Amino acid sequence: MSGYFDGPGPEAEFRQFLADGKFMIQRSKGSGIHVFHPRVMVPCSGETDLEWVEASGEGTVYAATCTRRRPEKGGDYNVSLIDLAEGPRMMARVVGIEPDQVMVGMKVRARIDDLNGAPAILFEPA
Amino acid sequence: MSDLKNLRGKAACVGAATTGCGEAPGRNSTELMAEAVIHALADANIPLHEVDGVFAATAVHSMAAMSLAEYLGVHPKYSSGSNIGGSSFLAHALDAAMALEAGLIDVAVIAYGSNQRTAGGFKSISEPMPFEAQYEPRNPITAYALATSRYMHDFGATRDQIAEVAVAARAWAGLNPEAFTRDPLTVEEVLAARMISDPLGKLDCCLVTDGAAAVVMTRAERAKDGPQKPVYLLGAAMAHDHRMISEMPDLTATSAADGGPRAFAMAGYGPNDMDTVQLYDAFTINTILFLEDLGFCAKGEGKDFVGGGRIAPGGALPVNTNGGGLSCVHPGMYGLFVMIEAIRQARGTCGDRQVDGAKLCLAHGNGGVLSSQVTTIWGTEETL
(Lines give C-alpha, C1' and ligand atoms only; values in the text may rest on other atoms or scores of the structure.)
Protein backbone atom coordinates (compact mmCIF):
# COMPACT_ATOMS: atom_id res chain seq x y z
CA MET A 1 0.00 0.00 0.00
CA SER A 2 1.49 3.31 -1.01
CA GLY A 3 1.64 6.26 1.36
CA TYR A 4 1.06 9.99 0.88
CA PHE A 5 4.72 10.79 0.28
CA ASP A 6 5.50 7.81 -1.97
CA GLY A 7 6.05 8.00 -5.72
CA PRO A 8 6.50 11.07 -7.89
CA GLY A 9 6.25 14.45 -6.11
CA PRO A 10 3.52 17.00 -6.74
CA GLU A 11 5.52 18.94 -9.35
CA ALA A 12 6.16 15.82 -11.43
CA GLU A 13 2.52 14.79 -11.12
CA PHE A 14 1.32 18.26 -12.17
CA ARG A 15 3.59 18.24 -15.22
CA GLN A 16 2.39 14.77 -16.22
CA PHE A 17 -1.24 15.93 -16.00
CA LEU A 18 -0.33 18.95 -18.12
CA ALA A 19 1.35 16.74 -20.71
CA ASP A 20 -1.89 14.73 -20.80
CA GLY A 21 -3.86 17.91 -21.48
CA LYS A 22 -5.27 18.43 -17.98
CA PHE A 23 -5.03 21.53 -15.75
CA MET A 24 -5.04 20.03 -12.27
CA ILE A 25 -4.73 21.78 -8.92
CA GLN A 26 -4.72 20.41 -5.39
CA ARG A 27 -7.45 20.46 -2.76
CA SER A 28 -7.28 19.63 0.93
CA LYS A 29 -9.72 16.80 1.71
CA GLY A 30 -10.29 18.12 5.22
CA SER A 31 -10.56 21.87 4.72
CA GLY A 32 -11.53 22.04 1.06
CA ILE A 33 -8.82 24.69 0.50
CA HIS A 34 -7.39 24.68 -3.01
CA VAL A 35 -3.62 24.89 -3.45
CA PHE A 36 -1.43 26.07 -6.30
CA HIS A 37 1.50 25.79 -6.94
CA PRO A 38 1.64 22.06 -6.21
CA ARG A 39 3.00 21.20 -2.78
CA VAL A 40 3.42 18.25 -0.41
CA MET A 41 1.33 20.00 2.28
CA VAL A 42 -1.22 22.75 2.71
CA PRO A 43 0.72 26.00 3.21
CA CYS A 44 0.61 27.37 6.73
CA SER A 45 -1.64 24.69 8.25
CA GLY A 46 0.63 21.84 7.17
CA GLU A 47 -2.11 19.29 6.53
CA THR A 48 -1.02 16.35 4.39
CA ASP A 49 -4.33 15.52 2.78
CA LEU A 50 -4.01 17.05 -0.68
CA GLU A 51 -5.74 15.42 -3.63
CA TRP A 52 -5.83 16.41 -7.29
CA VAL A 53 -8.91 18.04 -8.80
CA GLU A 54 -9.42 19.50 -12.25
CA ALA A 55 -9.37 23.30 -12.28
CA SER A 56 -12.43 25.07 -13.66
CA GLY A 57 -10.10 27.19 -15.79
CA GLU A 58 -11.99 30.33 -14.85
CA GLY A 59 -9.94 33.23 -13.60
CA THR A 60 -9.54 36.97 -13.18
CA VAL A 61 -6.48 39.06 -14.02
CA TYR A 62 -5.01 40.20 -10.68
CA ALA A 63 -2.03 42.08 -12.15
CA ALA A 64 -0.63 42.48 -15.65
CA THR A 65 2.43 43.74 -17.48
CA CYS A 66 3.40 44.00 -21.11
CA THR A 67 7.03 43.00 -21.42
CA ARG A 68 8.62 45.08 -24.15
CA ARG A 69 10.82 42.96 -26.44
CA ARG A 70 12.35 43.70 -29.81
CA PRO A 71 10.34 42.34 -32.77
CA GLU A 72 13.30 40.29 -33.99
CA LYS A 73 13.37 38.52 -30.62
CA GLY A 74 9.67 37.71 -30.73
CA GLY A 75 8.01 41.01 -29.89
CA ASP A 76 6.09 42.18 -26.83
CA TYR A 77 4.39 39.65 -24.59
CA ASN A 78 2.07 39.66 -21.62
CA VAL A 79 2.85 38.32 -18.17
CA SER A 80 -0.05 38.27 -15.72
CA LEU A 81 -1.02 36.98 -12.33
CA ILE A 82 -4.35 35.19 -12.51
CA ASP A 83 -6.66 34.60 -9.56
CA LEU A 84 -8.26 31.23 -10.18
CA ALA A 85 -11.96 30.84 -9.37
CA GLU A 86 -10.94 28.22 -6.80
CA GLY A 87 -8.82 30.75 -4.90
CA PRO A 88 -5.13 30.26 -5.67
CA ARG A 89 -3.13 32.70 -7.78
CA MET A 90 -0.71 31.76 -10.55
CA MET A 91 1.59 33.43 -13.02
CA ALA A 92 0.54 32.92 -16.63
CA ARG A 93 0.25 34.62 -19.97
CA VAL A 94 -2.94 36.05 -21.43
CA VAL A 95 -3.06 35.46 -25.18
CA GLY A 96 -5.56 36.13 -27.95
CA ILE A 97 -5.43 39.87 -27.19
CA GLU A 98 -2.74 42.53 -27.67
CA PRO A 99 -0.27 42.12 -24.79
CA ASP A 100 -0.69 45.72 -23.65
CA GLN A 101 -4.50 45.43 -23.61
CA VAL A 102 -4.69 42.90 -20.78
CA MET A 103 -6.37 44.76 -17.92
CA VAL A 104 -6.57 44.11 -14.19
CA GLY A 105 -10.00 42.68 -13.40
CA MET A 106 -10.45 41.07 -16.83
CA LYS A 107 -12.22 37.67 -16.81
CA VAL A 108 -10.15 34.97 -18.47
CA ARG A 109 -10.37 31.27 -19.24
CA ALA A 110 -7.54 28.72 -19.27
CA ARG A 111 -6.39 26.59 -22.14
CA ILE A 112 -3.38 24.36 -22.54
CA ASP A 113 -1.02 25.08 -25.38
CA ASP A 114 2.63 24.88 -26.26
CA LEU A 115 4.84 27.66 -24.95
CA ASN A 116 8.52 27.59 -25.82
CA GLY A 117 8.43 23.88 -26.53
CA ALA A 118 6.51 22.68 -23.47
CA PRO A 119 2.83 22.49 -22.53
CA ALA A 120 1.66 25.48 -20.53
CA ILE A 121 -1.47 26.91 -18.94
CA LEU A 122 -2.37 29.99 -20.98
CA PHE A 123 -5.41 32.22 -20.57
CA GLU A 124 -7.55 34.09 -23.04
CA PRO A 125 -10.34 36.60 -22.50
CA ALA A 126 -13.49 34.80 -21.31
CA MET B 1 9.80 36.05 26.62
CA SER B 2 11.16 38.23 23.88
CA ASP B 3 12.39 41.68 24.74
CA LEU B 4 12.64 43.79 21.62
CA LYS B 5 14.81 46.34 23.38
CA ASN B 6 17.66 44.10 24.45
CA LEU B 7 19.74 44.91 21.38
CA ARG B 8 18.84 48.60 21.30
CA GLY B 9 21.93 50.77 21.02
CA LYS B 10 24.28 47.90 21.93
CA ALA B 11 26.21 48.09 18.66
CA ALA B 12 27.27 51.00 16.48
CA CYS B 13 28.69 51.75 13.09
CA VAL B 14 32.21 53.07 13.55
CA GLY B 15 33.40 52.94 9.94
CA ALA B 16 31.74 53.22 6.56
CA ALA B 17 32.89 53.54 2.97
CA THR B 18 31.73 53.32 -0.61
CA THR B 19 33.97 52.93 -3.63
CA GLY B 20 33.83 52.34 -7.35
CA CYS B 21 30.33 53.83 -7.57
CA GLY B 22 29.22 54.31 -11.16
CA GLU B 23 31.86 52.65 -13.27
CA ALA B 24 34.93 50.76 -12.07
CA PRO B 25 36.34 49.30 -15.28
CA GLY B 26 38.75 46.41 -15.00
CA ARG B 27 38.08 45.68 -11.33
CA ASN B 28 36.21 42.60 -10.22
CA SER B 29 33.54 42.32 -7.56
CA THR B 30 35.82 40.79 -4.92
CA GLU B 31 38.48 43.46 -5.44
CA LEU B 32 35.87 46.18 -5.11
CA MET B 33 34.38 44.61 -1.97
CA ALA B 34 37.81 44.27 -0.33
CA GLU B 35 38.74 47.84 -1.25
CA ALA B 36 35.54 49.07 0.45
CA VAL B 37 36.46 47.07 3.57
CA ILE B 38 39.94 48.62 3.67
CA HIS B 39 38.49 52.13 3.35
CA ALA B 40 35.85 51.46 6.03
CA LEU B 41 38.46 50.08 8.43
CA ALA B 42 40.65 53.15 7.81
CA ASP B 43 37.60 55.30 8.54
CA ALA B 44 37.23 53.44 11.84
CA ASN B 45 41.00 53.32 12.53
CA ILE B 46 40.79 49.59 13.17
CA PRO B 47 43.45 47.26 11.71
CA LEU B 48 42.35 44.49 9.36
CA HIS B 49 43.63 41.70 11.59
CA GLU B 50 41.16 42.67 14.33
CA VAL B 51 38.21 41.76 12.12
CA ASP B 52 36.63 38.60 13.53
CA GLY B 53 33.11 38.87 12.10
CA VAL B 54 32.49 38.85 8.35
CA PHE B 55 29.12 39.43 6.70
CA ALA B 56 28.66 39.54 2.94
CA ALA B 57 26.32 38.61 0.13
CA THR B 58 26.55 39.28 -3.60
CA ALA B 59 24.72 38.25 -6.76
CA VAL B 60 27.76 36.38 -8.06
CA HIS B 61 29.27 34.55 -5.05
CA SER B 62 27.50 31.46 -3.74
CA MET B 63 29.47 31.74 -0.45
CA ALA B 64 30.33 35.42 -0.27
CA ALA B 65 31.43 35.59 3.38
CA MET B 66 33.98 32.83 2.82
CA SER B 67 35.24 34.36 -0.40
CA LEU B 68 35.67 37.76 1.24
CA ALA B 69 37.31 36.45 4.43
CA GLU B 70 39.74 34.40 2.36
CA TYR B 71 40.60 37.38 0.17
CA LEU B 72 41.14 39.62 3.20
CA GLY B 73 43.16 36.94 5.01
CA VAL B 74 41.04 37.12 8.13
CA HIS B 75 39.74 34.22 10.19
CA PRO B 76 36.20 34.93 11.39
CA LYS B 77 34.87 33.57 14.66
CA TYR B 78 31.43 34.20 13.23
CA SER B 79 30.27 34.95 9.71
CA SER B 80 27.09 35.04 7.71
CA GLY B 81 26.62 34.99 3.98
CA SER B 82 22.88 34.82 4.35
CA ASN B 83 21.38 36.04 1.10
CA ILE B 84 17.85 37.39 1.19
CA GLY B 85 18.44 39.67 -1.78
CA GLY B 86 19.16 43.38 -1.64
CA SER B 87 18.13 43.68 2.00
CA SER B 88 20.76 41.14 3.12
CA PHE B 89 23.11 43.80 4.49
CA LEU B 90 20.53 45.32 6.80
CA ALA B 91 19.85 41.81 8.10
CA HIS B 92 23.62 41.44 8.47
CA ALA B 93 23.63 44.53 10.70
CA LEU B 94 21.13 42.75 12.93
CA ASP B 95 23.26 39.56 12.78
CA ALA B 96 26.37 41.58 13.65
CA ALA B 97 24.67 43.34 16.57
CA MET B 98 23.57 39.96 17.96
CA ALA B 99 27.03 38.42 17.56
CA LEU B 100 28.70 41.47 19.10
CA GLU B 101 26.28 41.61 22.04
CA ALA B 102 26.67 37.86 22.62
CA GLY B 103 30.44 38.34 22.82
CA LEU B 104 31.11 36.05 19.88
CA ILE B 105 33.03 38.73 17.98
CA ASP B 106 34.57 42.16 18.58
CA VAL B 107 34.78 43.73 15.11
CA ALA B 108 32.23 43.08 12.36
CA VAL B 109 32.53 44.07 8.72
CA ILE B 110 29.58 44.01 6.34
CA ALA B 111 30.49 44.28 2.67
CA TYR B 112 29.22 44.22 -0.89
CA GLY B 113 30.81 44.72 -4.29
CA SER B 114 29.82 44.46 -7.92
CA ASN B 115 31.27 45.34 -11.30
CA GLN B 116 28.07 44.44 -13.14
CA ARG B 117 27.92 47.56 -15.29
CA THR B 118 31.37 47.35 -16.80
CA ALA B 119 31.20 43.54 -16.89
CA GLY B 120 28.19 43.58 -19.20
CA GLY B 121 25.03 44.17 -17.16
CA PHE B 122 22.86 42.71 -14.41
CA LYS B 123 23.75 39.14 -13.50
CA SER B 124 22.42 36.92 -10.76
CA ILE B 125 23.04 33.41 -9.51
CA SER B 126 19.31 33.23 -8.72
CA GLU B 127 17.62 30.01 -9.83
CA PRO B 128 14.61 30.09 -12.21
CA MET B 129 11.31 30.25 -10.33
CA PRO B 130 9.30 27.03 -10.67
CA PHE B 131 5.82 27.56 -12.16
CA GLU B 132 6.86 31.03 -13.32
CA ALA B 133 9.95 30.62 -15.51
CA GLN B 134 8.04 29.26 -18.49
CA TYR B 135 6.15 32.54 -18.85
CA GLU B 136 9.48 34.40 -19.13
CA PRO B 137 9.14 36.98 -16.39
CA ARG B 138 12.09 39.34 -16.73
CA ASN B 139 12.72 39.48 -13.03
CA PRO B 140 13.01 41.58 -11.07
CA ILE B 141 11.30 44.16 -13.28
CA THR B 142 8.29 42.01 -14.24
CA ALA B 143 7.39 41.57 -10.59
CA TYR B 144 7.59 45.28 -9.81
CA ALA B 145 5.59 46.11 -12.94
CA LEU B 146 2.90 43.69 -11.80
CA ALA B 147 2.82 45.34 -8.38
CA THR B 148 2.59 48.77 -9.99
CA SER B 149 -0.30 47.64 -12.20
CA ARG B 150 -2.22 46.42 -9.17
CA TYR B 151 -1.44 49.56 -7.15
CA MET B 152 -2.69 51.76 -9.98
CA HIS B 153 -5.86 49.66 -10.21
CA ASP B 154 -6.61 49.56 -6.48
CA PHE B 155 -5.89 53.17 -5.65
CA GLY B 156 -6.42 54.99 -8.93
CA ALA B 157 -2.78 56.01 -9.06
CA THR B 158 -1.41 57.44 -12.30
CA ARG B 159 2.00 57.12 -13.91
CA ASP B 160 2.69 60.82 -13.44
CA GLN B 161 2.02 60.55 -9.69
CA ILE B 162 4.43 57.64 -9.45
CA ALA B 163 7.00 59.51 -11.57
CA GLU B 164 7.35 62.08 -8.77
CA VAL B 165 9.45 59.49 -6.94
CA ALA B 166 12.04 59.50 -9.74
CA VAL B 167 11.99 63.28 -9.98
CA ALA B 168 12.61 63.71 -6.23
CA ALA B 169 15.40 61.13 -6.25
CA ARG B 170 17.10 62.94 -9.14
CA ALA B 171 16.87 66.28 -7.32
CA TRP B 172 18.69 64.74 -4.35
CA ALA B 173 21.26 63.18 -6.69
CA GLY B 174 21.99 66.66 -8.02
CA LEU B 175 23.33 67.48 -4.55
CA ASN B 176 25.49 64.35 -4.30
CA PRO B 177 28.85 64.29 -6.11
CA GLU B 178 28.90 60.48 -5.84
CA ALA B 179 25.59 60.07 -7.72
CA PHE B 180 25.74 58.57 -11.21
CA THR B 181 22.94 60.60 -12.83
CA ARG B 182 22.66 64.20 -11.68
CA ASP B 183 20.94 66.18 -14.46
CA PRO B 184 17.54 67.61 -13.47
CA LEU B 185 14.59 65.40 -14.39
CA THR B 186 10.93 66.22 -15.03
CA VAL B 187 7.76 64.15 -14.75
CA GLU B 188 7.32 64.58 -18.51
CA GLU B 189 10.73 63.04 -19.16
CA VAL B 190 9.91 60.06 -16.93
CA LEU B 191 6.65 59.48 -18.82
CA ALA B 192 8.33 59.85 -22.21
CA ALA B 193 11.07 57.33 -21.50
CA ARG B 194 11.05 54.00 -23.33
CA MET B 195 8.64 51.48 -21.82
CA ILE B 196 10.40 48.44 -20.35
CA SER B 197 7.57 46.50 -18.73
CA ASP B 198 4.28 48.42 -18.61
CA PRO B 199 3.51 50.44 -16.58
CA LEU B 200 7.21 50.90 -15.84
CA GLY B 201 9.42 52.90 -18.19
CA LYS B 202 13.17 53.16 -18.18
CA LEU B 203 13.25 56.03 -15.68
CA ASP B 204 11.00 54.16 -13.25
CA CYS B 205 13.82 51.62 -12.96
CA CYS B 206 17.02 51.70 -10.95
CA LEU B 207 20.43 52.30 -12.45
CA VAL B 208 22.75 49.50 -13.48
CA THR B 209 26.10 50.58 -12.05
CA ASP B 210 29.24 49.22 -10.46
CA GLY B 211 29.91 49.89 -6.81
CA ALA B 212 31.05 48.57 -3.47
CA ALA B 213 30.37 49.41 0.14
CA ALA B 214 31.42 48.35 3.62
CA VAL B 215 30.42 49.07 7.19
CA VAL B 216 32.38 48.34 10.39
CA MET B 217 30.47 47.69 13.61
CA THR B 218 31.63 47.27 17.20
CA ARG B 219 29.97 47.18 20.61
CA ALA B 220 28.80 50.60 21.79
CA GLU B 221 31.46 51.05 24.49
CA ARG B 222 34.30 50.67 21.99
CA ALA B 223 32.54 52.88 19.44
CA LYS B 224 33.13 55.95 21.60
CA ASP B 225 36.91 55.53 21.24
CA GLY B 226 36.97 55.74 17.44
CA PRO B 227 37.74 58.74 15.24
CA GLN B 228 34.19 58.99 13.85
CA LYS B 229 30.95 60.01 15.49
CA PRO B 230 29.40 56.63 16.35
CA VAL B 231 26.00 55.89 14.86
CA TYR B 232 24.08 53.42 16.96
CA LEU B 233 21.78 50.67 15.73
CA LEU B 234 18.66 51.47 17.72
CA GLY B 235 16.23 49.14 16.05
CA ALA B 236 16.21 46.38 13.44
CA ALA B 237 13.65 43.85 12.30
CA MET B 238 13.00 41.67 9.29
CA ALA B 239 10.06 39.94 7.66
CA HIS B 240 9.39 38.01 4.49
CA ASP B 241 6.51 36.05 3.11
CA HIS B 242 7.28 34.93 -0.45
CA ARG B 243 10.05 34.20 -2.93
CA MET B 244 7.98 34.32 -6.12
CA ILE B 245 5.80 37.29 -6.99
CA SER B 246 2.93 34.89 -7.74
CA GLU B 247 2.96 33.92 -4.04
CA MET B 248 2.87 37.49 -2.65
CA PRO B 249 -0.43 37.74 -0.78
CA ASP B 250 -1.21 41.37 -1.71
CA LEU B 251 0.94 43.11 -4.31
CA THR B 252 0.20 46.52 -2.80
CA ALA B 253 1.22 45.63 0.77
CA THR B 254 4.70 44.40 1.68
CA SER B 255 5.83 42.67 4.85
CA ALA B 256 7.55 45.94 5.81
CA ALA B 257 4.24 46.52 7.60
CA ASP B 258 5.14 43.55 9.80
CA GLY B 259 8.84 44.20 10.45
CA GLY B 260 8.72 48.00 10.48
CA PRO B 261 6.68 48.34 13.68
CA ARG B 262 9.01 45.87 15.42
CA ALA B 263 12.02 47.96 14.41
CA PHE B 264 10.32 51.12 15.70
CA ALA B 265 9.34 49.33 18.93
CA MET B 266 12.95 48.25 19.51
CA ALA B 267 14.18 51.79 18.86
CA GLY B 268 11.50 53.42 20.99
CA TYR B 269 10.76 55.89 18.22
CA GLY B 270 8.07 56.19 15.55
CA PRO B 271 7.88 57.35 11.95
CA ASN B 272 7.34 60.98 12.95
CA ASP B 273 10.66 61.00 14.81
CA MET B 274 12.75 60.15 11.72
CA ASP B 275 14.90 62.99 10.39
CA THR B 276 15.73 61.15 7.15
CA VAL B 277 14.21 58.10 5.50
CA GLN B 278 16.30 55.91 3.21
CA LEU B 279 14.27 53.33 1.30
CA TYR B 280 15.42 50.71 -1.20
CA ASP B 281 14.07 52.20 -4.43
CA ALA B 282 14.81 49.62 -7.10
CA PHE B 283 11.71 50.92 -8.88
CA THR B 284 9.51 53.97 -8.33
CA ILE B 285 6.70 51.90 -6.78
CA ASN B 286 9.03 50.79 -3.95
CA THR B 287 9.26 54.21 -2.36
CA ILE B 288 5.46 54.58 -2.35
CA LEU B 289 4.82 51.11 -0.90
CA PHE B 290 7.45 51.46 1.82
CA LEU B 291 6.31 54.95 2.89
CA GLU B 292 2.85 53.45 3.36
CA ASP B 293 3.90 50.15 4.92
CA LEU B 294 6.30 51.83 7.38
CA GLY B 295 3.59 54.21 8.56
CA PHE B 296 4.60 57.52 6.99
CA CYS B 297 1.21 57.70 5.30
CA ALA B 298 -1.87 55.50 4.98
CA LYS B 299 -2.22 52.67 2.46
CA GLY B 300 -3.17 54.12 -0.89
CA GLU B 301 -2.08 57.64 0.01
CA GLY B 302 1.54 57.24 -1.03
CA LYS B 303 0.76 58.31 -4.57
CA ASP B 304 -0.26 61.74 -3.24
CA PHE B 305 2.28 61.83 -0.43
CA VAL B 306 5.27 61.76 -2.82
CA GLY B 307 3.97 64.72 -4.85
CA GLY B 308 4.50 68.43 -4.43
CA GLY B 309 8.16 68.04 -3.55
CA ARG B 310 7.42 66.57 -0.11
CA ILE B 311 10.19 63.95 -0.34
CA ALA B 312 12.54 66.12 -2.46
CA PRO B 313 15.25 68.50 -1.19
CA GLY B 314 13.56 71.19 0.91
CA GLY B 315 10.45 69.02 1.41
CA ALA B 316 8.88 68.03 4.71
CA LEU B 317 10.32 64.48 4.68
CA PRO B 318 13.82 63.90 3.27
CA VAL B 319 13.69 60.53 1.45
CA ASN B 320 16.60 58.86 -0.33
CA THR B 321 18.93 61.77 0.13
CA ASN B 322 21.79 60.21 -1.85
CA GLY B 323 19.60 60.01 -4.96
CA GLY B 324 18.64 56.40 -4.31
CA GLY B 325 18.98 53.38 -6.51
CA LEU B 326 17.14 55.37 -9.15
CA SER B 327 19.76 58.10 -9.53
CA CYS B 328 22.79 57.51 -7.26
CA VAL B 329 24.04 53.95 -7.48
CA HIS B 330 22.56 50.47 -7.96
CA PRO B 331 25.17 47.77 -8.42
CA GLY B 332 22.76 44.79 -8.39
CA MET B 333 22.14 44.72 -4.64
CA TYR B 334 21.76 48.19 -3.15
CA GLY B 335 20.89 47.64 0.51
CA LEU B 336 24.27 48.50 2.01
CA PHE B 337 24.25 51.87 0.24
CA VAL B 338 20.82 52.60 1.76
CA MET B 339 22.26 51.90 5.21
CA ILE B 340 25.40 53.98 4.62
CA GLU B 341 23.36 57.01 3.56
CA ALA B 342 21.41 56.80 6.85
CA ILE B 343 24.71 56.54 8.75
CA ARG B 344 26.27 59.46 6.86
CA GLN B 345 23.24 61.66 7.51
CA ALA B 346 23.42 60.83 11.23
CA ARG B 347 27.14 61.60 11.20
CA GLY B 348 26.37 64.94 9.57
CA THR B 349 28.87 64.44 6.74
CA CYS B 350 26.59 64.71 3.69
CA GLY B 351 27.73 68.11 2.39
CA ASP B 352 25.19 69.92 0.20
CA ARG B 353 22.52 67.28 0.80
CA GLN B 354 22.98 67.14 4.58
CA VAL B 355 19.68 67.37 6.45
CA ASP B 356 20.32 69.89 9.23
CA GLY B 357 20.48 68.31 12.64
CA ALA B 358 19.68 64.78 11.44
CA LYS B 359 19.88 62.48 14.45
CA LEU B 360 17.48 59.64 13.68
CA CYS B 361 17.68 57.97 10.29
CA LEU B 362 15.72 55.03 8.97
CA ALA B 363 17.25 52.64 6.44
CA HIS B 364 14.91 50.12 4.85
CA GLY B 365 16.05 47.26 2.66
CA ASN B 366 14.06 45.27 0.15
CA GLY B 367 15.09 41.97 -1.40
CA GLY B 368 13.90 39.67 -4.16
CA VAL B 369 10.55 40.68 -5.62
CA LEU B 370 9.17 42.83 -2.77
CA SER B 371 10.02 39.71 -0.77
CA SER B 372 12.38 40.33 2.15
CA GLN B 373 11.93 43.53 4.10
CA VAL B 374 14.46 44.68 6.70
CA THR B 375 14.02 47.92 8.61
CA THR B 376 16.87 49.49 10.59
CA ILE B 377 16.89 52.67 12.67
CA TRP B 378 20.16 54.46 13.33
CA GLY B 379 20.79 57.29 15.75
CA THR B 380 23.41 59.54 17.28
CA GLU B 381 24.54 59.29 20.91
CA GLU B 382 21.89 61.72 22.09
CA THR B 383 19.13 59.44 20.75
CA LEU B 384 20.22 56.53 22.96
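Two strands count as paired if DSSP finds at least two bridges between them. In this predicted model, strand 1 (residues 11–22) and strand 8 of chain B pair in the antiparallel sense, over two bridges.

**Chain A: overall description**

- Chain A contains one helix and eight strands.
- Read from the N terminus on, the elements of chain A follow the order α-β-β-β-β-β-β-β-β.
- The C-alpha trace of chain A spans about 55 × 30 × 20 Å along its principal axes.
- Chain A has 126 residues, of which 41% count as buried.
- The accessible surface of chain A amounts to about 6400 Å², and carbon and sulfur atoms account for 50% of that surface.
- Among the contacts in chain A with a separation of 6 or more, 48% are between residues 24 or more positions apart.

- Three strands of chain A form an open sheet in the order 2-1-3, with antiparallel pairing.
- Strand 2 (34–35) and strand 3 (50–54) of chain A are at the edges; each has a single partner strand, so one side of each is left without a neighbour in the sheet.
- Strand 1 (residues 24–28) of chain A runs antiparallel to strand 3 of chain A, and five bridges join the two.
- Within strand 3 of chain A, A:E54 is the residue that stands opposite A:M24.
- Helix 1 (residues 10–19) of chain A packs on this sheet and touches strand 1 and strand 3 of chain A. The direction of helix 1 of chain A makes about 15° with that of strand 3 of chain A.

**Chain B: the nine-stranded sheet**

- Nine strands of chain B form an open sheet in the order 3-2-4-7-1-8-11-10-9, and the pairing is mixed.
- The edges are held by strand 3 (78–80) and strand 9 (276–279) of chain B; each has a single partner strand, so one side of each is left without a neighbour in the sheet.
- On average, neighbouring strands of this sheet are turned by 20° against each other, direction ignored.
- Strand 2 (residues 53–56) and strand 4 (residues 108–114) of chain B run parallel and are joined by four bridges.
- B:F55 has B:I110, in strand 4 of chain B, standing opposite.
- Helix 1 (residues 29–44) of chain B lies across strand 1, strand 2, strand 4 and strand 7 (210–219) of chain B. Relative to strand 1 of chain B, this helix runs at about 135°.

**Chain B: strand 8 and its partners**

- Strand 8 (residues 231–240) of chain B has eight of its 10 residues buried, so this strand is largely enclosed by the rest of the structure.
- In the pairing of strand 1 with strand 8 of chain B, which is antiparallel, the bridge partner of B:A12 is B:Y232.
- Strand 8 of chain B also pairs with strand 11 (residues 372–379) of chain B, in the antiparallel sense and over eight bridges.
- B:Q373, in strand 11 of chain B, stands opposite B:A239.

**Chain B: packing of helix 3 and helix 12**

- Helix 3 (residues 88–101) and helix 12 (residues 335–347) of chain B pack at an angle of about 60°, and their axes are 6 Å apart.
- Helix 3 and helix 12 of chain B are therefore oblique to each other.
- Helix 3 of chain B contributes B:F89, B:L90 and B:A93 to the contact, while helix 12 of chain B contributes B:G335, B:L336 and B:M339.
- By class, the residues of this contact are five nonpolar, one polar and no charged.

**Chain B: two individual residues**

- B:E188 belongs to helix 6 (residues 187–192) of chain B.
- B:E188 has a relative accessible area of 58% and is exposed, because exposed means over 50%.
- B:E188 and B:R8 are 180 residues apart along the chain, and their C-alpha atoms are separated by 44 Å.
- B:S327 belongs to helix 11 (residues 324–327) of chain B.
- B:S327 has a relative accessible area of 1% and is buried, because buried means under 20%.
- Leaving aside neighbours within four places in sequence, B:S327 is in contact with B:A169, B:R170, B:A173, B:A179, B:F180, B:T181 and B:L207.

Terms used:
Residues numbered from 1 in each chain as written. Chains lettered and ligands numbered in written order. Predicted model: local features only at pLDDT ≥ 70, side-chain atom pairs only at ≥ 80, totals over all residues. Heavy atoms only, no water. Axes fitted to C-alpha atoms, helices over the stretch in contact; angles between N-to-C directions. Parallel < 35°, antiparallel > 145°, perpendicular 65-115°, else oblique. Contact = heavy atoms within 4.5 Å. Nonpolar A, V, L, I, M, F, W, Y, C, P; charged D, E, K, R; others polar. Buried < 20%, exposed > 50% of the residue type's maximum accessible area, 1.4 Å probe, protein only. Areas by Shrake-Rupley, 256 points an atom, 1.4 Å probe, with all protein chains shown as cover.
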